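Dear colleague,

Below is the structure I promised to hand over. My notes on it follow, starting with the disulfides.

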2 protein chains.
Amino acid sequence: MSQTTITAELLTIGDELLYGQITDTNAQWMSAELSLAGIKVVRKTTVGDLEDEIIGAFAEAEKRVDIVLITGGLGPTNDDLTKPCLAKYFNCGLKMHNEALAEVTAFFTSRGRELTEVNRQQAALPECCEKITNKMGTAPGMWFQRNGKVFVSMPGVPHEMKRMMTDIVIPKLKQSFKTPVIVHKVIRTVGIGESFLAEKIAAWENALPPHIRLAYLPSLGEVKLRLTAIGDSKENLEKETDALAEQLQPRVGSFIFGYGETPLEVVVGQMLRERNLTLSVAESCTGGYLSHLITSVAGCSDYYLGTMIPYSYEVKMRQLGVKPEVLEKYGAVSEPTIIEMANIVRAKFNTNIGVATSGIAGPGGATPEKPVGTVWIAFSDKDKTVTRKLQLSPDRGINIKMASVAVLNLIRQNLNPL
Amino acid sequence: MSQTTITAELLTIGDELLYGQITDTNAQWMSAELSLAGIKVVRKTTVGDLEDEIIGAFAEAEKRVDIVLITGGLGPTNDDLTKPCLAKYFNCGLKMHNEALAEVTAFFTSRGRELTEVNRQQAALPECCEKITNKMGTAPGMWFQRNGKVFVSMPGVPHEMKRMMTDIVIPKLKQSFKTPVIVHKVIRTVGIGESFLAEKIAAWENALPPHIRLAYLPSLGEVKLRLTAIGDSKENLEKETDALAEQLQPRVGSFIFGYGETPLEVVVGQMLRERNLTLSVAESCTGGYLSHLITSVAGCSDYYLGTMIPYSYEVKMRQLGVKPEVLEKYGAVSEPTIIEMANIVRAKFNTNIGVATSGIAGPGGATPEKPVGTVWIAFSDKDKTVTRKLQLSPDRGINIKMASVAVLNLIRQNLNPL
């Protein structure tokens, strides 16, 4: 890069983080976002709820970096000291901020709740700061600027902080500092493990130019490939990364379900909507998680009609209607049963597609032939019923999530091209 | 406290933690272990792989605390700077440590691998430190002591660090310092916001003795209260914190669902199991998430039989069996409909209890009378049907989660005492 690096420190305030009772996931998320914006995090600091510690940390950070991003200590209770400490550090008084008060009041009113005095005080802000609206909660954020350095204070509640960072803080930091041009291209794959993927694309990876880096970001059932390109021209970098992504098609195209931030459940939903198809679900071992993924997508009622979770044998037979002789002969975790489940739910719910899961999530219920992690999944439409047997992990939570992702991928693979 | 508090700082070294590519789970684990040992972590710091940064952080930490626990930067590659920085900081040379060399050699031999020169160099240690054996890997730990302060350097690989901490570092710290006893008591509440809770227990909170501190730890729908007591006798502190928790019963007892680490879905499951009751679910707006919470508990098939997710009107009528005239007259998000849903699922699935959700998760589907976040929930057993109307948030994901937690709480509140 030809320009100066803009540096940041993440300062987290709260005894709970020092006592080891919660993991600080905010810091990782913020580091990643700042990195995407071309801002380099050079230090992370966590201090407890003590005025001297907090103010000391402000002073140290101000010496070290351009941007200090503070999270935590903004709640309405007495152990929350960030705001008074900031007021003291920037040498200005707390004053009721009318717009902030209106926002806090509206937040409570919209929920039919009464505004207490304690909550009202959340709208009192240091006079020398700019308020940052908190769309997801009651404690406003604060933006301080002095001698070319910026301090931003945000709540520690992850979804409140994230919304504030995305909507306001990152764009405002980009305006305030001259950051390099960084372009990211995320290629999303499903149904292939990280090491297999790495083998298949080794030659491509080794040929990447020095200003473009690759990261593997695996999660349950998915691997994201992220290209990070640094340079001067956004347009050129985008062209380069698009071309590189295109080169992956002949290598691993069948595993690529999309690009960027769009998750698999959204891609599958979009495929169903475009094809004018409807979906129903019969899920047993996944216990609602598959339906939760599907219904986490706004507007899913366009294609998703409903689910039966036949957890017990009785419900499998009486409510869903799996034939008792099939259940008795093959067991709930078997190919004949999963075929019944997918076909029946499709017929009963009168949808184009039916999908089903049945397996041993664990830790109980295993047999020598069906160890924990054995899961059958199926896809049914008017032309075919496709099944797959998965052998997942010893962990209940992981099995539930991986099986659900596998069903979404099964739908994706079995829809006809448009 | 009658004695001086022994303080510690956790110093993590490594660029990968600043770029947001991995979560630092070591720090949480170490904090919790040190807290149990009566050592108070007062700061956490993360710095990158830069000599000036690292040595600067050593000097700052030495001024602040009694114990500096360093992880990371001990690998065999060039970007690992912890060891040379420690040698420089403590002003002594690196020298091959024969015992360490024998251990590294044995580690490689036992795995049938060849010892490279790079690995051999891992046994060269600053002359002024005591070696700490690494039973799980090749980089030894180091213990430095100067003017009553202790520096410990450990690998960043979690299982190597944990074994070293448990076997050697914690016992040695307890010998080296007179540590107090620390007791934590976590009281878990649901169904009341942080600020309302704070108001209700303000008098109790203000009367806490100085050696016992309170923290509020909110998450979606829940608030944990954590008491931290410092003293000499574990038994006395446990008695004190138990008595304080007991005093909360008349104040906010109806919101307290448990203590310690057990989540609400486990507590509710245990209540159902103890009462020999079975449960079925009809969930619409929560779309499977409520069932997912219930089925995330191993062994839930003892009491949970199944779920219907009647997402569409058709499925609500044809499959679940809600009367068309009720749906038409009052709409899906209404008290008459939610009563039908809970009663019908209970009858159809032949369970003791039926619960139901129906609401506007958002962002679509709102009307002036039913804004996004309007959710009806119901509990039905043979004696009663209880409903509740919730007014949640503008966010789909939050509404799904909060409504699900609210149903679990509704079950808890409506079970008869044993």
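The torsion about the S-S bond of A:Cys92 and A:Cys128 is about -45°, so this disulfide is left-handed. A disulfide here is a pair of cysteine sulfur atoms within 2.5 Å.

Before the rest, the conventions. This is a predicted model, in which local features need pLDDT of at least 70 and side-chain atom pairs count only at pLDDT 80 or more, while totals for chains, interfaces and linings use all residues. Residues are numbered from 1 along each chain as its sequence is written, chains are lettered from A and ligands numbered from 1 in the order in which they are written, and side-chain values use heavy atoms, with hydrogens and water left out.

Cysteines

The sulfur atoms of A:Cys92 and A:Cys128 are 2.1 Å apart. This pair links distant parts of the chain, 36 residues apart: A:Cys92 sits in the loop between helix H4 (82-89) and strand S4 (94-96) of chain A, and A:Cys128 in the loop between strand S5 (124-126) and S6 of chain A. Helices (H or I, at least four residues) and strands (E, at least two) are DSSP runs, numbered from the N terminus. A:Cys92 counts as buried at 18% relative accessibility, whereas A:Cys128 is partly exposed at 36%. Buried means under 20% relative accessible area, exposed over 50%, and partly exposed in between, with a 1.4 Å probe and protein chains only.

Chain B has a disulfide between B:Cys92 and B:Cys128, with the sulfur atoms 2.1 Å apart. Its S-S torsion is about -45°, so it is left-handed. B:Cys92 lies in the loop between helix H4 (82-89) and strand S4 (94-96) of chain B, and B:Cys128 in the loop between strand S5 (124-126) and S6 of chain B, so the pair ties together parts that are 36 residues apart in sequence. B:Cys92 is buried at 18%, and B:Cys128 is partly exposed at 35%. The count over all chains is 2 disulfides.

Two cysteines without a partner may be of interest. The sulfur of A:Cys300 is 11 Å from the closest cysteine sulfur, that of B:Cys285, which is too far for a bond; A:Cys300 is buried, with a relative accessible area of 1%. B:Cys129 is in no disulfide, and the nearest cysteine sulfur, in B:Cys128, is 6.4 Å away. B:Cys129 is buried at 12% relative accessibility.

The sheet

An open sheet of 12 strands with mixed pairing has the order S6(A)-S7(A)-S8(A)-S3(A)-S1(A)-S2(A)-S2(B)-S1(B)-S3(B)-S8(B)-S7(B)-S6(B). Two strands pair if DSSP finds at least two bridges between them. At the edges are strand S6 (130-132) of chain A and strand S6 (130-132) of chain B, each pairing on one side only. On average, neighbouring strands of the sheet are turned by 20° against each other, direction ignored. Within chain B, strand S1 (residues 7-13) and strand S3 (residues 67-71) run parallel and are joined by 5 bridges. B:Ala8 stands opposite B:Ile67 in S3(B).

Helices on the sheet

Helix H2 (residues 26-36) of chain A packs on the sheet, touching strands S1 (6-13), S2 (39-47), S3 (67-71) and S8 (149-154) of chain A, and its direction makes about 160° with that of S2(A). Axes are lines fitted to C-alpha atoms, for helices over the stretch in contact, and angles run from 0 to 180 degrees between N-to-C directions. The buried residues of H2(A) are A:Asn26, A:Ala27, A:Gln28, A:Met30, A:Ser31 and A:Leu34. Their cover includes S1, S2, S3, S8 and helix H7 (158-176) of chain A, together with helix H1 (15-18) of chain B. Just after H2(A), A:Gly38 takes a positive phi of about 85°.

Two residues

A:Met154 lies in strand S8 of chain A and is buried, with a relative accessible area of 0%. Among the residues A:Met154 touches, not counting those up to four places away in sequence, are A:Met30, A:Leu69 and A:Met161; contact means heavy atoms within 4.5 Å.

A:Asp15, in helix H1 (residues 15-18) of chain A, is buried at 9% relative accessible area. Beyond its neighbours within four places in sequence, A:Asp15 is in contact with A:Gly48, A:Asp49, B:Arg213 and B:Arg226.

Regards
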